[in-house]
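Hi,

Here is the structure I promised to pass on. Have a look through it first, and my notes on what turned up follow below.

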Amino acid sequence: LNEFSPDLNARSDVRSEIGVDLQTPLIGMFARFHPQKDHKNFISAAGILHESFPGVHFLLAGAGITPDNREMLTWLQASGILDQTHLLGLREDMPRLMSAVDIASLSSAYGEALPLVIAESMACGIPCAVTNIGDSALIIGNMGRVVPPGDPKALSLAWEELLTLPARDRHALGVRTRQKISLEYNINRVSELYLALYHSILDSGETNGKKIPKKNSSL
């Protein structure tokens, strides 16, 4: 939570780096180039959004997310958003990048457990729109938008709903997203839950149907 936190200076610096002003709506996704992450879905959704909101830009970062990725360039050209998309590759400054966007997204098609990138973006005070894979919906709760995987129209609509919120409401939503992560996913809270689980198992005297010897039944 100390590393991933709102940073207005980073918002300004990163946007200056990619040539986007502070008023330009910016949607980001931070994931390696892999079928699991379904960048094609993200780009298709971006193309749909572009038809109604041509001023929106898209920031993508992760391994394989580079201008020499021909497959991705083909998708971007087909969706008509090549000039609005910024491909930053593998970066070591993810908290800065997350703080620069207005919406963080994850368009995964399968295979997620608890995607840390969502929690990290929320810790930076950024509302999220994600696909309903793994624990993504659990992390988001009612603090963002959750859509079916492989449905670019639904993802585009989720972005539109967040972008058209009044600026004050979107800022308040960002504050609440960080509060949710701070309360439910900070390391102290998680370790307390594990400790309570271990105690409950030991207190029950059983594990996988087998009795725990008395000498091992306390911490």
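Ile27 touches Phe42, Leu49, Val56, His57, Phe58, Leu59, Val101, Ile103, Ser105, Trp159 and Leu163, leaving aside residues up to four places away in sequence; contact here means heavy atoms within 4.5 Å. Before you read on: this is a predicted model, where local features need pLDDT of at least 70, side-chain atom pairs count only at pLDDT 80 or more, and totals for chains, interfaces and linings use all residues. Residues are numbered from 1 along each chain as its sequence is written, and side-chain values use heavy atoms, with hydrogens and water left out.

Back to Ile27, which is among the residues with the most contacts inside the largest nonpolar core, along with Phe30, Phe58, Ile118 and Trp159. That core has 56 residues. By nonpolar core I mean a set of buried Ala, Val, Leu, Ile, Met, Phe, Trp, Tyr and Cys residues joined through side-chain atoms within 4.5 Å. Buried is under 20% relative accessible area, exposed is over 50%, and partly exposed is in between (1.4 Å probe, protein chains only). Helix 7 (residues 152-163) gives the most to this core, with 6 residues. Helices (H or I, at least four residues) and strands (E, at least two) are DSSP runs, numbered from the N terminus. As background, in soluble globular proteins nonpolar side chains tend to be buried together.

For the overall picture, the chain has 9 helices and 8 strands. Of its 219 residues, 47% count as buried, and the C-alpha trace spans about 65 × 35 × 30 Å along its principal axes. Among contacts between residues at least 6 apart in sequence, 69% join residues at least 24 apart.

Now the aromatics. There are 5 aromatic pairs in the structure. Rings of Phe, Tyr and Trp (its six-membered ring) pair if their centres lie within 6.5 Å; planes under 30 degrees apart count as stacked, over 60 as edge-to-face and the rest as tilted. Phe42 and Phe58 are edge-to-face, because their ring centres are 6.1 Å apart and their planes sit at 85°. Phe42 is in helix 2 (residues 39-52) and Phe58 in strand 2 (residues 57-61), so the pair ties together parts that are 16 residues apart in sequence. Both are buried: Phe42 has 1% relative accessibility, and Phe58 has a relative accessible area of 0%. Tyr194 and Tyr198 also pair, with ring centres 6.1 Å apart and planes at 35°, so this one is tilted. These two tyrosines are 4 residues apart in helix 9 (residues 187-204), about one helical turn. Tyr194 is partly exposed at 48%, and Tyr198 is partly exposed at 43%.

Next, helix 5 (residues 116-123). How many of its residues are buried? The count is 6 of its 8, namely Val117, Ile118, Ala119, Ser121, Met122 and Ala123. Their cover includes strand 1 (26-30), helix 4 (94-100), strand 4 (103-106), strand 5 (128-131), helix 6 (136-140) and helix 8. Just after helix 5, Gly125 takes a positive phi of about 80°.

The axes of helix 5 and helix 8 come within 7 Å and cross at roughly 120° (axes are lines fitted to C-alpha atoms, for helices over the stretch in contact, and angles run from 0 to 180 degrees between N-to-C directions). That makes helix 5 oblique to helix 8; angles under 35 degrees count as roughly parallel, over 145 as roughly antiparallel, 65 to 115 as roughly perpendicular and the rest as oblique. Ala119, Met122 and Ala123 of helix 5 meet Thr177, Arg178, Lys180 and Ile181 of helix 8.

Lys180 is buried, at 12% relative accessible area. Leaving out residues up to four places away in sequence, Lys180 touches Met122, Leu138, Ile139, Ile140, Gly141, Met143 and Tyr185.

Last, Ala104 in strand 4 is buried at 3%. The C-alpha atoms of Ala104 and Gly28 are separated by 4.9 Å, though the two are 76 residues apart along the chain.
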